[in-house]
Amino acid sequence: MAVIVLNELAEASLGSIGGKALNLGRGVQGGFRVPPCFVLTAEESTRFSEFACLSELRGLLLEPDELSNAVLVRYLKRHTEYPRLSELLKQGLHLVPRLSTELLAVRSSSTIEDLPSFSSAGQHD
């Protein structure tokens with residue numbers, strides 16, 4: 001499944017959803033209030049990366065900031081062309097209907113963020 005809802009996050013694997021999403025799920029299990037949400041899996045992120053040809057950018061000899069900017073520009077250019085985008089949003093809103101009537105915050109993250117031995121927090125602020 002490409003979309004996982006909040007109450008299922010704690011059971012997902014770290015590699016399939018990343019540290020931020022897994023920690024949100026664990027927070028819910030621990031009794032913390034977490035706004036309703038859904039998460040796209042790492043597998044779906046890989047599909048988009050392949051669609052947008054993001055791996056082409058790795059071969060360029062760019063400084064880390066330049067690479068980040070190049071990925072962002074490519075993402076912004078290609079995300080509206082991604083044929084699965086509408087389907088994924090519909091799945092998420094079907095699973096969490098309350099979100100269709102509220103303002104949404106979108107948080108992009110990586111499966112290599114917020115690991116027990118590594119955190120990327122604030123690196124691009």
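This is a predicted model: local features need pLDDT of at least 70, side-chain atom pairs count only at pLDDT 80 or more; totals for chains, interfaces and linings use all residues.
**Ground rules**

I number residues from 1 along each chain as its sequence is written, and side-chain values use heavy atoms, with hydrogens and water left out.

**Entry: helix α2**

I started with α2, residues 19-29. Helices here are DSSP runs of H or I with at least four residues, strands are runs of E with at least two, and both are numbered from the N terminus. I listed the buried residues of α2 as Gly19, Lys20, Ala21, Leu22, Gly25 and Gly27. My cut-offs are under 20% relative accessible area for buried, over 50% for exposed, and partly exposed in between (1.4 Å probe, protein chains only). What do the buried residues of α2 pack against? I found α1 (14-17) and β2 (38-40). After the helix comes Gly31, with a positive phi near 95°.

**Entry: helix α3**

Next I looked at α3, residues 42-51, where Ala42, Glu44 and Phe48 are buried. They cover an arc of only 155° around the axis, so they sit on the same side of α3. I took the arc from the directions between the helix axis and the C-beta atoms. Glu43 and Glu50 are exposed on the other side of α3. The buried residues of α3 pack against α1, β2, α5 (64-78) and α6 (85-95).

**Entry: the cysteines**

How many disulfides does the whole structure hold? My search gave 0, taking a disulfide as a pair of cysteine sulfur atoms within 2.5 Å. I checked the accessibility of two cysteines anyway. Cys37 counts as buried because its relative accessibility is 18%, and Cys53 counts as partly exposed at 29%.

Cys53 got a second look.

Then I went through the salt bridges, meaning a side-chain nitrogen of Lys or Arg within 4 Å of a carboxyl oxygen of Asp or Glu. The count comes to 6.

I took Arg47 first, and its side chain meets that of Glu43 in a salt bridge at 3.0 Å, N to O. Both residues lie in α3, 4 residues apart, about one turn of the helix. Arg47 is partly exposed at 33% relative accessibility, whereas Glu43 is exposed, with a relative accessible area of 51%.

Arg47 also forms a salt bridge with Glu44, with the closest N and O atoms 2.5 Å apart. Being 3 residues apart in α3, these two are separated by about one helical turn. Is Glu44 buried or exposed? I have it as buried, because its relative accessibility is 3%.

**Entry: Arg84**

Arg84 sits in the loop between α5 and α6, and I count it as partly exposed because its relative accessible area is 22%. Which residues is Arg84 in contact with, leaving aside its neighbours within four places in sequence? I found Ala2, Glu44 and Arg47, with contact meaning heavy atoms within 4.5 Å.

The side chain of Arg84 makes a polar contact with the side chain of Glu44 at 2.7 Å. For that term I need a pair of N or O atoms within 3.5 Å; within protein, one must be able to donate a hydrogen and the other to accept it, and residues adjacent in sequence count only if both atoms are side-chain atoms. I also noted that Arg84 and Phe48 are 36 residues apart in sequence and 8.7 Å apart in space, C-alpha to C-alpha.

Last, I found a salt bridge between the side chains of Glu56 and Arg74 (3.4 Å, N to O). Glu56 lies in α4 and Arg74 in α5, so the pair ties together parts that are 18 residues apart in sequence. Glu56 counts as partly exposed at 48% relative accessibility. I then traced salt bridges that share partners, and they join Glu43, Glu44, Arg47, Arg84 and Glu87 into one network.
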